[in-house]
Amino acid sequence: EYVMQHWKEDFMFGYQFLNGCNPVLIRRCTEIPKKLPVTMDMVECSLERNLTLEEEVKVGLLSGSLEGHTVCCLILNMKDLEFHIFFYIFQLGQKPGPDNPIFLPSDATYDWLLAKIWVRSSDFHMHQTVTHLLRTHLVSEVFSIAMFRQLPAVHPLFKLLVPHMRFTIAINTKAREQLICECGLFDKANATGGGGHVQMVQKAMKDLTYSSLCFPEEIKAKGMDSKEDIPYYYYRDDGIKVWEAIKSFAEDVIHIYYESDEVVCEDVELQAFVKDIYVYGMRGVKASGFPKMIRTRETLAEYLTVIIFTTSAQHAAVNFGQYDWCSWIPNAPPTMRCPPPTEKGTVTIEQIVESLPDRGRSCWHLGAVWALSQFQDKELFLGMYPDEHFVEKPVKEAMAKFRKNLDEIVSTITERNKNKKLPYYYLSPDRIPNSVAV
């Protein structure tokens, strides 16, 4: 209801880049993109700090690039004196020109609204195809298949990882049969259906690197790690806490079974597992940064954290908010029936309505985002291990410590969310399923 009531507001538009369904695209901008020929004259009336555009860049401009199949958007987000993202500049194509205007908050009401709707639609496609499908579902399947191929059920790393692979291969098989196949839901409801989603996945593979799956490293690489500069980035704050809890747990288990780095090097089944992911999952592409083998306990702890975090927390962060953010169609249109505007001053409310998806496609979309946002019956959340794969007392003590750390994170997030109109709870451990199963 909150999204439905406030979706037109610029604050809500900006907030979603930080804590919405797709909080992974925003990054610090060190220079104005050459493809975005914005000038001081365009933005002077909207700047609060009496700085030039170049000075705004130095103090911390944020940007996002949405290279969707339907439209490509370049966005600049500026912060106000209270650090809220408040001001946006974007164009709906990558090539500057008279038929590709730069849209500003000072434009006519309907010009600005339609431009924002186009950005939201492009963001939806990036989220659904790249952030959600590729970077959680398909990557998690790579981990699952390699585990079942290479690690015997008695191996401690199989016991550690198998709860985080629960139903992943099954749900992805179902997706290939009903969602992303020919005449599937993507074709019926989404503008990227009919093969566009496949092109997007293939293009996004070049950015699917090992370091990009290391949560703290990726946040830092995007220049989004400073709480002082960007204090309301709850996806970052909660994600770091969960990452550290998972890594601590992985380290505890590793130190029980691996007395030294030499033991790690000599574990032929572990090395086969790592090689399988590199050779078959990443197609042996060196640029992916995925290791061919692991030589130290420290590296192994990070590697296992990447797997567990991706299959649990990262998927939760980008999946279970879909009904919240995408069920109000103008905030996340799955398709647009008219081309993007090529000039300003001509948009009417009738044109906006004609651009939005029709009733049939809206219904397909609504059913999909509702279904994807539901927890399973008897869902197993992070830290819950009812199947006793481990019988050793030290591991059970490590699990108890892990659950205690997670409970503390839940308490911290619950306290922060009190009295918030827009609480952020997608990375609260009591809402993070163990595996990609929806």
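# Reading helices and residues

Tutor: In this predicted model, Phe167 is located in the loop that joins α6 (156–161) to α7 (168–178).

Student: Why does Phe167 count as partly exposed?

Tutor: The relative accessibility of Phe167 is 42%. Buried requires a value under 20% and exposed a value over 50%, with partly exposed in between. Because 42% falls between those limits, Phe167 counts as partly exposed.

Student: What is stated about the phi of Phe167?

Tutor: Phe167 is not a glycine, and yet its phi is positive, at about 70°. Arg283 is another non-glycine residue with a positive phi, in this case near 55°.

Student: Where is Arg283, and what makes Arg283 count as exposed?

Tutor: Arg283 belongs to the loop between α14 (268–281) and α15. Its relative accessibility is 62%, which is over the 50% limit, and therefore Arg283 counts as exposed.

Student: Why is Gln351 called partly exposed?

Tutor: Gln351, a residue of helix α17 (residues 349–355), has a relative accessible area of 24%. Leaving aside residues up to four places away in sequence, Gln351 touches Leu114 and Thr346.

Student: How far apart are Gln351 and Ala400 in sequence and in space?

Tutor: They are separated by 49 residues in sequence and by 58 Å in space, C-alpha to C-alpha.

Student: How do you know that His127 counts as buried?

Tutor: His127, which is part of helix α5 (residues 109–150), has a relative accessibility of 1%. As 1% is under 20%, His127 counts as buried. Not counting residues up to four places away in sequence, His127 touches Cys21, Asn22, His132, Leu133, Val318 and Gln322.

Student: Why does Ser373 count as buried?

Tutor: Ser373 sits in the loop between α18 (359–372) and α19. At 11%, its relative accessibility is under 20%, and therefore Ser373 counts as buried.

Student: Which backbone atoms does the side chain of Ser373 approach?

Tutor: A polar atom of the Ser373 side chain is 2.8 Å from the backbone nitrogen of Tyr323. The side chain of Ser373 also reaches the backbone oxygen of Val369, at 2.7 Å. Apart from residues up to four places away in sequence, Ser373 touches Asn319, Phe320, Gly321, Gln322 and Tyr323.

Tutor: We now turn to pairs of helices. Two packed helices are described by the angle between their axes and by the distance between the axes.

Student: Why are α12 and α19 called roughly antiparallel?

Tutor: Helix α12 (residues 234–257) and helix α19 (residues 393–417) pack at about 170°, and their axes are 9 Å apart. An angle over 145 degrees counts as roughly antiparallel, so this description applies to α12 and α19. By class, their contact has 15 nonpolar, three polar and five charged residues.

Student: What makes α12 and α15 oblique to each other?

Tutor: The axes of α12 and helix α15 (residues 297–319) come within 8 Å and cross at roughly 135°. Roughly perpendicular ends at 115 degrees and roughly antiparallel begins over 145. The angle of roughly 135° lies between these limits, and α12 and α15 are therefore oblique. The crossing of α12 and α15 is right-handed. Their contact has 14 nonpolar, five polar and three charged residues.

Note on methods
Residues numbered from 1 in each chain as written. Predicted model: local features only at pLDDT ≥ 70, side-chain atom pairs only at ≥ 80, totals over all residues. Heavy atoms only, no water. Axes fitted to C-alpha atoms, helices over the stretch in contact; angles between N-to-C directions. Helix = DSSP H or I, 4+ residues; strand = E, 2+ residues; numbered from the N terminus. Parallel < 35°, antiparallel > 145°, perpendicular 65-115°, else oblique. Nonpolar A, V, L, I, M, F, W, Y, C, P; charged D, E, K, R; others polar. Left-handed = near helix turned anticlockwise from the far one by under 90°. Buried < 20%, exposed > 50% of the residue type's maximum accessible area, 1.4 Å probe, protein only. Contact = heavy atoms within 4.5 Å. Polar contact = N/O pair within 3.5 Å; in protein donor to acceptor, adjacent residues only side chain to side chain.
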